[in-house]
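Thank you all for coming; today I would like to walk you slowly through one model, taking it piece by piece.

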Amino acid sequence: MAVVKATNDAIAGAAAALAEGRLVAFPTETVYGLGADATNGAAVAKIFAAKGRPRFNPLISHVADLDAADKLALFDERARLLAAAFWPGPLTMVAQRRPGCPVSDLVTAGLDTLAVRVPAHPVARALLSRVGRPIAAPSANRSGHVSPTTAGHVAADLNDAPAMILDAGPCAHGIESTVIDVSGPRVTLLRPGSITSAQIVRVLGYSPELSSSDAERPSAPGQLASHYAPRARVRLGATTVSAGEALLAFGSSPPATSGPMINLSAHADLIEAAAGLFAALRTLDATNVSCIAVMPIPETGLGEAINDRLRRAAAGR
Ligand code: TXA
Ligand code: MG
């Protein structure tokens, strides 16, 4: 079993494995990532193989700090404001690739823009400073499965694909980074995430535009409708539970049920709900019910990102 506690020695071993072109799964503050040296196309290809992921979905390059990010892409004034406010942290910025940027095209799926993020998790930061090059890392799950928030989830999904799985316990946020496009004249929110639109407005002074999430359009990738689908069907807005359904509850008064039930937050706390969302979907899916009924969750703050994930899960494969 490739799961190892994320000690300094293990981090050094993981950095060496990455430099040799092998895959390493590592914790971030959002979800566990499946990392490869972003400048090594063959290493990046192993990510797609391990995940069984559609190629037109480009990957995020993770770096240790803004200096490292500046070597890869062109960050203007708006991007610098956002970086100052949210890096290190769960914000990914899509910007124009810098000429001579060493990141493999496989990472960008051929686009002339690059998604970059500086994670805040101490293990991710230690690993990135050790490797000294950008690490491409999608969430460390098979494509179409829910994102992993523990090392155990990674091991269950990917077996021996990563040379090593660095274990630092459960992820704090449990929902992926917010992806914002700053490559053009308009700032566009491509994926809601841990940083809310309200937080972004406070920094920019205006709202990012919402992207149309058209699953077929390669210029708006990452919006594959089925990306977060569990095996079971997902029914949203449920206020009652039918026989044979599992219940994903939210709040203090879930409907009565004799089937499997997980409450994301009995006191309706969206942060708690986000942190447990993927694990709850996984657990309910593993009970082999045909349908997961999900109670309504408010569209405010982190509720935006939670509902976005749930709608994708409900869209099916
Ligand atoms: O929290 C996270 O962001 C996690 C951790 C591991 O850092 N990573 C993650 O990566 O969620 P992934 O590959 O599952 O999601 C990357 C997102 C996708 O929606 C992808 O389409 C978008 O970023 N993306 C990447 N490059 C892009 C680009 N050049 N233009 C537009 N979207 C891009
Ligand atoms: Mg993912």
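Let me start with Arg80 and Asp70, which form a salt bridge whose closest N and O atoms are 2.9 Å apart, and please keep in mind throughout that this is a predicted model. Because Arg80 lies in helix H4 and Asp70 in helix H3, which covers residues 66-70, the pair ties together parts that are 10 residues apart in sequence.

The structure holds 11 salt bridges, and I will pick out some others. Glu29 forms one with Arg117, and there the closest N and O atoms are 3.0 Å apart. Since Glu29 sits in the loop between E2 and E3 while Arg117 belongs to strand E7, this pair ties together parts that are 88 residues apart in sequence. Are these two partners buried or exposed? Glu29 counts as buried, at 7% relative accessibility, and Arg117 counts as buried as well, at 2%.

Then there is Asp157, which forms a salt bridge with Arg282, with 3.9 Å between the closest N and O atoms. Asp157 lies in helix H7 and Arg282 in helix H9, so this pair ties together parts that are 125 residues apart in sequence. Asp157 counts as buried at 10% relative accessibility, and Arg282 is buried with a relative accessible area of 18%. Finally, salt bridges that share partners join Glu176, Asp308, Arg309 and Arg312 into one network.

Now to the nonpolar interior. As a general point, in soluble globular proteins nonpolar side chains tend to be buried together. Here the largest nonpolar core has 45 residues, and those with the most contacts inside it are Phe75, Leu82, Trp87 and Met93. Several elements each supply at least two residues of this core, including strand E3, helix H4, strand E6 and helix H8, and the largest share, five residues, comes from H2.

Let us turn to helix H6, residues 122-131, where Val123, Ala124, Leu127, Leu128 and Val131 are buried. Seen down the axis of H6, these buried residues fall within an arc of 130 degrees, so they line one face of the helix. The face turned away from them carries the exposed residues Pro122, Ser129 and Arg130. On the buried side, H6 packs against helix H1 and strands E2, E4, E8 and E9.

My last stop is an open sheet of four strands, in the order E13-E16-E14-E15, with parallel pairing. Strands E13 and E15 stand at the edges with a single partner strand each, so one side of each is left without a neighbour in the sheet. Three bridges join E13 to strand E16, and Arg235 stands opposite Ala293 in E16. Helix H9 packs on the sheet, touching E14, E15 and E16, and its direction makes about 165 degrees with that of E14.

Methods. Residues numbered from 1 in each chain as written. Chains lettered and ligands numbered in written order. Predicted model: local features only at pLDDT ≥ 70, side-chain atom pairs only at ≥ 80, totals over all residues. Heavy atoms only, no water. Buried < 20%, exposed > 50% of the residue type's maximum accessible area, 1.4 Å probe, protein only. Arc of directions from axis to C-beta. Contact = heavy atoms within 4.5 Å. Core = buried A, V, L, I, M, F, W, Y, C linked by side-chain atoms within 4.5 Å. Pairing = 2+ DSSP bridges. Axes fitted to C-alpha atoms, helices over the stretch in contact; angles between N-to-C directions. Salt bridge = Lys/Arg side-chain N within 4 Å of Asp/Glu carboxyl O.
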